[in-house]
Amino acid sequence: THWVLGINYALVGKFDAALGEETKCGEIGSEIGSTRLETYAAWATGAIRAFMGEAEAGIDACRRSLERSPDPFNTATALGYLGYAYLENGEPAKAIEHVEQAIELVTRFRHRYAQVLYATYLSEALFLTGDLARARRVAAEALELAIGAKFHYGTALSHRLLGRFAE
């Protein structure tokens, strides 16, 4: 509950409350010996820190999550948010490396929402490295996936990127 509450607080911009909930989640995970809860709290904290503009702290938290990941889906999530944190830190090449791995993993699980989200990170990173053609292609693919999955947030992100890349 604390993990999900933290994510929801982050989505509405209540970052201090979000971090507090993720701290509680990590503490509970530690108390009961749940690596899964600890790593969920770590990658969520990493994403929140990156959203807040604290990319280096986000990178550190996502790395901790990745190092202790108990399963492939958790690994994919940690990789995706680690890539996002690198993107926010002005390191698009590192972002690409990690987000491409995340996309490969979540595609196996057919988790379309995660595919779309990570594809938007990849598209932005490609744009920042100067690969405009691939950035547009990835954003268009993300849009198609988002529409098919009725993932409205992903649809909006994809449209935003395509607008940024318009000639």
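Which residues have the most contacts inside the largest nonpolar core?

## The core

They are Tyr81, Tyr118, Tyr121 and Leu122, in a nonpolar core of 41 residues. A nonpolar core here is a set of buried Ala, Val, Leu, Ile, Met, Phe, Trp, Tyr and Cys residues joined through side-chain atoms within 4.5 Å. Buried means under 20% relative accessible area, exposed over 50%, and partly exposed in between, with a 1.4 Å probe and protein chains only. The elements giving two or more residues to this core are α3 (35–51), α4 (55–68), α5 (72–88), α6 (92–109), α7 (112–128), α8 (132–149) and α9 (152–165). Helices (H or I, at least four residues) and strands (E, at least two) are DSSP runs numbered from the N terminus.

Keep in mind that this is a predicted model, where local features need pLDDT of at least 70, side-chain atom pairs count only at pLDDT 80 or more, and totals for chains, interfaces and linings use all residues. Residues are numbered from 1 along each chain as its sequence is written, and side-chain values use heavy atoms, with hydrogens and water left out.

Not counting residues up to four places away in sequence, Tyr81 touches Trp43, Ala47, Cys62, Leu117, Tyr118 and Tyr121; contact means heavy atoms within 4.5 Å.

Val99, in helix α6, is buried at a relative accessible area of 0%. With neighbours within four places set aside, Val99 is in contact with Leu79, Gly80, Gly83, Tyr84, Tyr118, Tyr121 and Leu122. Val99 and Ala76 sit 23 residues apart in sequence, with 8.5 Å between their C-alpha atoms.

Two packed helices are described by the angle between their axes and the distance between the axes. Axes are lines fitted to C-alpha atoms, for helices over the stretch in contact, and angles run from 0 to 180 degrees between N-to-C directions. Angles under 35 degrees count as roughly parallel, over 145 as roughly antiparallel, 65 to 115 as roughly perpendicular and the rest as oblique.

Start with α6 and α7: they pack at about 155°, axes 9 Å apart, and are therefore roughly antiparallel. By class, their contact has 15 nonpolar, 2 polar and 1 charged residues. Ala, Val, Leu, Ile, Met, Phe, Trp, Tyr, Cys and Pro count as nonpolar, Asp, Glu, Lys and Arg as charged, and the others, Gly among them, as polar.

As for α5 and α7, their axes come within 10 Å and cross at roughly 30°, so the two helices are roughly parallel. In this pair, Ala76, Thr77, Gly80, Tyr81, Tyr84 and Leu87 of α5 meet Leu117, Tyr118, Tyr121, Glu124, Ala125 and Leu128 of α7. That contact splits into 9 nonpolar, 2 polar and 1 charged residues.

On the α1 side, the contact has His2, Trp3, Leu5, Gly6, Ile7, Tyr9 and Ala10, and they meet Phe15, Ala17, Ala18, Glu21, Glu22, Lys24, Cys25 and Ile28 of α2. These residues divide into 10 nonpolar, 2 polar and 3 charged.

Tyr40 lies in helix α3 and counts as buried at 18% relative accessibility. Beyond its neighbours within four places in sequence, Tyr40 is in contact with Trp3, Glu22 and Asn74. The C-alpha atoms of Tyr40 and Phe51, 11 residues apart along the chain, are separated by 16 Å.
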